[in-house]
Amino acid sequence: MTAATHSPLFPGVPDTADAVLEGLDPEQREVATTLRGPVCVLAGAGTGKTRAITHRIAYGVRAGILQPSSVLAVTFTNRAAGEMRGRLRQLGAQGVQARTFHSAALRQLQYFWPKAVGGAMPRIVDRKIQLVTDAAAGCRLRLDRGELRDVTGEIEWAKVTQTVPADYALAAAKAGRDIPRDPAEIAQLYAAYEDLKRARAVIDFEDVLLLTVGILQDRHDIADQVRAQYQHFVVDEYQDVSPLQQRLLDLWLGERDDLCVVGDASQTIYSFTGATPDHLLDFRARHPGATVVKLVRDYRSTPQVVHLANGLLAQASGRAADHRLELISQRAAGPEPVHTEYPDEPAEAEGAARRIRALFDAGVPASEIAILFRANAQSETYEQALADAGIPYQLRGAERFFDRPEVRRAIVNLRAAARFGGNDSALDGAVDLPSQVRAVLSGEGWTAQPPASSGAVRERWESLAALVHLARDFTAARADATLGDLVAELDERAGAQHAPTVQGVTLASLHSAKGLEWDVVFLVGVAEGMMPITYARTDEQIEEERRLLYVGVTRARERLHVSWALARSPGNRPSRRVSRFLDGLRPGSSAGAPRAAAAGPGGVERGVPGLAEAAPRRTQRTPARCRVCGRTLTEAGEMKLMRCEDCPSDMDEGLYERLRAWRADVAGRSGQPAFCVLTDKTMIAIAEAGPEDERELARIPGVGMRKFRRYGADVLAICAGRDPVAANGTADANSSQK
């Protein structure tokens with residue numbers, strides 16, 4: 001790829017091996033140029049570890065020291081492996097294998113199975129939970145859904161720690177596992193699960209590693225063939241290696257030591273899966289002649305964010321804490337992290353959405369904002385709050401970009417247009433590459449303006465819009481690029497799973513956010529019981545929760561918002577307190593402070609939802625209980641309806657239809673999605689309650705102060721059977737000023 005100018009997304013390929021080293025700091029350069037012998041890179045968050053190791057591989061290849069086909073780079077997620085392949089391609093180091101442990105093992109297992117075992121390789125089960133269910137039934141054990149999930153996790157842990165069923169009970173006790181059933185029952189179920197797999201001639205994900213290890217151990221000729229292929233190894237995120245993965249790595253290496261490992265013990269957050277930082281921390285003991293390089297220059301986060309991150313680790317204990325790295329920010333000063341306390345979780349979600357709306361309106365791209373939480377169950381409240389505010393969002397962990405049906409169809413159509421474009425009337429008038437892409441994708445549903453609806457329709461549009469934006473960036477890097485060039489770029493990206501950016505605020509768990517970064521991060525639910533999580537009881541478990549929060553903090557480049565709620569639902573007793581991990585770090589607190597509600601002095605910004613005028617509405621609410629059966633409500637959708645989903649509805653169907661028609665009219669005239677006026681759940685709640693005055697309307701969940709001011713008179717008029725325009729002619733004016 002050559003061009004006079006290069007966009008940040010499409011940099012030019014370095015001309016020489018020495019050019020690969022340009023821009024590296026002294027420690028990164030040391031990593032890149034130390035190509036022989038064991039190397040251990042201790043890399044703090046944001047210090048450019050991926051940059052260092054990809055430049056290391058590229059420099060070795062470009063200098064002729066390493067053969068591309070002899071290098072195996074291993075990491076832990078398909079996304080990370082795809083990013084590594086994309087970076088290596090940009091550095092001119094094609095042909096290097098960058099894979100996950102499972103992907104690399106599966107490739108070898110498929111290739112050597114006929115020689116080592118014979119016949120067809122067993123099918124890999126997609127979801128082992130059904131097999132666990134059947135095994136439990138065979139053992140006459142009744143497990144609820146939660147127990148099934150937990151027992152499946154125990155089986156996975158046992159296999160990656162190379163624990164057989166007969167040894168499970170002792171191993172689980174020694175490891176301090178918090179197990180869901182009697183260990184003897186789990187061991188029995190584990191054995192039955194293995195028997196069932198053999199009977200059905202299937203294997204699971206962990207078996208891929210176990211079988212590869214078994215073949216390499218038993219067949220020295222095959223092990224020699226693998227070692228002849230790969231002579232240089234790079235392992236990223238080494239702190240998350242399990243005993244089984246380490247065994248596989250040892251077999252790949254044999255007696256050699258051309259190994260570079262990269263990790264940070266302070267980012268060990270997967271020990272519940274069998275991962276351990278011991279391999280990283282013991283590397284020097286296993287390889288006395290190893291070169292150890294520490295990366296502590298933080299290029300990601302501002303000094304203010306780095307200060308909070310360092311402060312979290314300064315209070316840590318345990319072996320990982322003894323090897324913590326003190327980060328040094330290389331960026332200009334930024335705003336201090338904002339700590340906000342809210343009365344309840346819906347208020348916390350509304351507060352985050354309100355701040356994001358302000359950032360969005362100020363020009364911050366939605367793709368540079370993230371809301372991070374401890375548990376996936378927290379997502380729904382924030383999805384609703386963002387939808388109410390008219391803010392696009394995407395859930396982290398959804399279907400991979402290039403596997404989405406609309407993306408696959410779009411690439412097929414772009415390929416056809418590139419091949420037969422001269423005879424395609426759809427391209428008439430398209431003068432450049434971006435306009436050609438827009439013309440082709442318009443047939444797939446892309447429009448210049450996003451759709452008013454949400455859900456699947458909006459997600460499809462966002463996927464196509466990402467391709468349109470990619471075409472624009474590609475043209476900026478290569479002014480003479482053709483549609484065929486773009487299709488080739490998309491093919492390479494699909495192979496590397498190097499997806500373009502999708503516009504939308506990211507909602508993600510802290511675990512799934514590992515390895516990602518945003519300009520603005522909202523860390524929500526940072527309260528005792530959630531951070532640390534309730535079931536973290538041992539010192540080791542609590543320290544892992546601290547590291548998880550550290551990972552969340554270090555995802556932020558410029559702005560960081562940390563918040564917590566004193567109660568789960570409106571009207572509930574404020575029984576929670578801010579996480580102990582923030583003691584001594586947030587304004588007005590001190591280390592080791594007693595477990596009490598946060599006090600006022602010290603600059604803690606109170607997040608009582610919105611304006612002072614909204615306070616009476618929230619304090620006058622009764623506890624969130626079903627108005628039909630009296631059960632306490634916990635789900636956001638049920639709280640909006642003020643009843644259980646399965647309790648009978650007394651909705652006025654005529655009123656609901658009048659509200660729908662009015663909402664469609666307001667949305668159409670103001671040019672905003674209908675759900676931004678009022679959501680369906682809010683309208684159902686109004687149609688069920690039939691409010692007669694402002695006080696009754698204001699008490700309905702989902703009718704915030706902004707919506708009350710803008711639409712309250714209209715809604716009350718509709719409820720009273722009057723014409724909303726006659727009652728309030730200001731709705732359009734107010735909407736147009738949004």
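In the predicted model, helix 6 (residues 129–138) passes helix 9 (residues 183–200) in a right-handed crossing. The axes of the two helices come within 9 Å and cross at roughly 115°. Since angles of 65 to 115 degrees count as roughly perpendicular, helix 6 is therefore roughly perpendicular to helix 9. On the side of helix 6, the contact is made by Leu131, Val132, Asp134, Ala135 and Ala136. Helix 9 contributes Leu189, Ala192, Tyr193, Leu196, Lys197 and Arg200. By class, the contact of helix 6 with helix 9 comprises 8 nonpolar and 3 charged residues, with no polar ones.

Helix 7 passes helix 10 in a left-handed crossing. From helix 7, Glu156, Lys159 and Val160 take part in the contact, where they meet Glu206, Asp207 and Leu210 of helix 10. The residues of this contact divide into 4 charged and 2 nonpolar, with no polar residue.

Helix 20 (residues 433–442) was examined for burial. Of its 10 residues, 7 are buried, so helix 20 is largely enclosed by the rest of the structure. The buried positions of helix 20 are Leu433, Pro434, Ser435, Val437, Ala439, Val440 and Leu441.

Aromatic contacts were also considered. With ring centres within 6.5 Å taken as the criterion, the count comes to 8 aromatic pairs. One of these is formed by Tyr270 and Phe272, with a centre-to-centre distance of 6.1 Å and 50° between the planes. The Tyr270–Phe272 pair is classed as tilted, because planes under 30 degrees apart count as stacked and those over 60 as edge-to-face. Tyr270 has a relative accessible area of 23%, and the value for Phe272 is 44%. Buried means under 20% and exposed means over 50%, so Tyr270 is partly exposed, and Phe272 is likewise partly exposed.

Notes: Residues are numbered from 1 along each chain as its sequence is written. This is a predicted model: local features need pLDDT of at least 70, side-chain atom pairs count only at pLDDT 80 or more; totals for chains, interfaces and linings use all residues. Side-chain values use heavy atoms; hydrogens and water are left out. A crossing is left-handed if the near helix is turned anticlockwise from the far one by less than a right angle, and right-handed if clockwise. Helices (H or I, at least four residues) and strands (E, at least two) are DSSP runs, numbered from the N terminus. Contact means heavy atoms within 4.5 Å. Ala, Val, Leu, Ile, Met, Phe, Trp, Tyr, Cys and Pro count as nonpolar, Asp, Glu, Lys and Arg as charged, and the others, Gly among them, as polar. Rings of Phe, Tyr and Trp (its six-membered ring) pair if their centres lie within 6.5 Å; planes under 30 degrees apart count as stacked, over 60 as edge-to-face and the rest as tilted. Buried means under 20% relative accessible area, exposed over 50%, partly exposed in between (1.4 Å probe, protein chains only). Axes are lines fitted to C-alpha atoms, for helices over the stretch in contact, and angles run from 0 to 180 degrees between N-to-C directions. Angles under 35 degrees count as roughly parallel, over 145 as roughly antiparallel, 65 to 115 as roughly perpendicular and the rest as oblique.
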